[in-house]
Each structure stands twice: as C-alpha cells, then as structure tokens.
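Please look over the sequence and the structure shown below. The paragraphs after them go from one part of the fold to the next.

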Amino acid sequence: MKILAIGDIVGSIGCRYLREQLPALKKREGIDLVIANGENSADGNGFTPSSAEYIFSSGVDVITGGNHTFRRRESYDTLENCPSLIRPANYPSTAPGRGYTVYDLGSRQAAVINLMGCMFMEALDDPYAVIERILREIDTPIILLDFHAEATAEKLALAYYLDGRISAMFGTHTHVQTSDERILPGGTGYITDVGMTGPYESVLGVKPELSIRKFKDKLPVRFELADGRCRMDCILFTIDEKTGRTTAVKRMEFS
C-alpha cells in the first residue's frame, strides 16, 4: 500500500495550496492513506475546527500535531471528538485528544502515532516509554509515526530504536525538507523532516522581514504569514501489507 506524509501545513495559504495539489497527486500515485501535520494550519499558529475540516475535506485522512496543538481552546472539543485528529502521545493523559489512531482501510488497518521530542522542546513524557506502551496496544503490522522534534540526532536515534518494529517514521517541526530519505536495515522507512506546505519565499512560513527583525533586534515581533508562491513537501512510503515493512521511499516537492 502507498502512504503519503505531508509536511507542516502553514496557515490558510498552506491549506489552499494543499487543496490545489493533493487530489491529483492521490489519483496519479494511487495513494491509499494521507497523513498531514496540521498544528500550524490556522493563521498565526495552532489549528481551528474549521482549518481541520478544510484539511480533511481536501483529501487528508489523518491530521497530526505538535507543540502548537493546544494554542487555541476552540480546538479542544475537536481533539476529543475526532479520532483521525491526533496530538503527541507523550502529553499528559489530562490533555485533550489521543496520541494515536488506527485507521480502517477496509481489508486492512494502519496505525498512525504522534510523538514529540524532548531536545529543545517542552518537557514531556519519555517518548521511548510511551511508544513501547502504544506498540503493545496496536494489532496491525502497518504503523506510521510522526515524530515532531527539533534535533536531528533525536529523530535518527528513535528511528533506529524502532527499526523493524514500525513501518515508517517521518519527522516534522523544522519546516525544512531533508534529503536523507531511506529504508533502515530492519525495513523501516525514514526521513528526518518531511518539510512544509506553505509560502516558499518565507522563513518557515513567516514574512522574512519580520523574522529578520526578531533575530536582529531581539525584541518581540508579531509574526505574519508570507504570501505568494507556495510549495508542498511530502514523502511517499510504499509498504508491504503483510510484513509492514517499507519497500520504497519517494521524496517529493511541489511548487
């Protein structure tokens, strides 16, 4: 089966570009399941019920989150009531929502897990302990992990730890697509960061002049999303349905 992972969708401009690109891509590649990180899909940051609905109606099956997941309180009910919208599993159990979902594809199921890293991020539960608990609960060989983390080494280390135990792991959070897609020795597909869906002439989606002012002057700046030409970064995993192992990895970028 073919599973597409899409990089962090940034704002309404990223949502619109996703809708422009995704339907034709799904048809052309014969994609069975689409996962997208939507924690920045609302203008500003976080997500709203309307931005999540827009992403789902554009052809995404599962939306994952990250450190901005809980920025907007109006999204909490959506997190609680929508099984296909997940947040990092290593948040406390009191946080709204769930950390993984098992998506029904008819004759087969695919588990999608969301975790957040600890290096340079919020102090959450140990991702190693959390993933061990989740893997004991899952009964399908097809398992995908969105690891929302800053440090490359942290992403690689977890991928090697899980090699052969999950189908694929893709990193999110940095908004910059890496060129290190691979299949690890045990059959787990991997990329350090899948990238971003949003304005190309930007600093991680933000107007460059505002990011420059922030770094240069060291004073608070109200960020605004850039506009103009967009890009959609994604990665396509081909997975053996019986073994759960990745057999091919294809990194893609549309602009």
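Strand 12 and strand 13 make a hairpin that has six residues between the strands, and in its turn Gly244 has a positive phi of about 80 degrees. Helices (H or I, at least four residues) and strands (E, at least two) are DSSP runs, numbered from the N terminus, and two strands pair if DSSP finds at least two bridges between them.

The model is predicted: local features need pLDDT of at least 70, side-chain atom pairs count only at pLDDT 80 or more, and totals for chains, interfaces and linings use all residues. Residues are numbered from 1 along each chain as its sequence is written, and side-chain values use heavy atoms, with hydrogens and water left out.

Six strands form it in the order 5-6-7-8-10-9, with mixed pairing. Its edge strands are strand 5 (100-104) and strand 9 (182-183), each of which pairs on one side only. Helix 4 (residues 127-137) packs on the sheet and touches strand 5, strand 6 (109-116) and strand 7 (143-148); the direction of helix 4 makes about 165 degrees with that of strand 6. Such angles run from 0 to 180 degrees between N-to-C directions, and axes are lines fitted to C-alpha atoms, for helices over the stretch in contact. Contact means heavy atoms within 4.5 Å.

Within the sheet, strand 5 and strand 6 run antiparallel and are joined by five bridges. Tyr103 stands opposite Ala110 in strand 6. These two strands form a hairpin with four residues between them, where Gly106 takes a positive phi near 90 degrees. On to the next pair: strand 6 and strand 7 run parallel, joined by six bridges, and Ala111 stands opposite Ile143 in strand 7. How many residues of strand 6 are buried? Seven of its eight residues are, and the strand is mostly covered. Buried means under 20% relative accessible area, exposed over 50%, and partly exposed in between (1.4 Å probe, protein chains only).

Further across, strand 8 (residues 168-172) and strand 10 (residues 189-191) run parallel, with three bridges joining them. In this pair Phe170 stands opposite Ile191 in strand 10.

Helix 4 also has a helical partner. Helix 4 and helix 5 (residues 152-162) pack at an angle of about 35 degrees, and their axes are 12 Å apart. The crossing of helix 4 past helix 5 is right-handed; a crossing is right-handed if the near helix is turned clockwise from the far one by less than a right angle, and left-handed if anticlockwise. Helix 4 makes the contact with Tyr128, Ile131, Glu132 and Leu135, and helix 5 with Ala157, Leu158, Tyr161 and Leu162. These residues divide into seven nonpolar, no polar and one charged. Here Ala, Val, Leu, Ile, Met, Phe, Trp, Tyr, Cys and Pro count as nonpolar, Asp, Glu, Lys and Arg as charged, and the others, Gly among them, as polar.

Two loop residues deserve a look at their backbone. Most residues other than glycine have a negative phi. Phe120, in the loop between strand 6 and helix 4, has a positive phi near 60 degrees. His175, in the loop between strand 8 and strand 9, has a positive phi near 65 degrees. Are they buried or exposed? Phe120 is exposed, with a relative accessible area of 66%, whereas His175 counts as buried at 11% relative accessibility.

Ala89 lies in the loop between helix 3 (76-81) and strand 5. Ala89 is buried, its relative accessible area being 10%. Apart from neighbours within four places in sequence, Ala89 is in contact with Gly99, Asn114, Leu115, Val130, Arg133 and Ile134.

Just after helix 2, Gly59 takes a positive phi of about 120 degrees.
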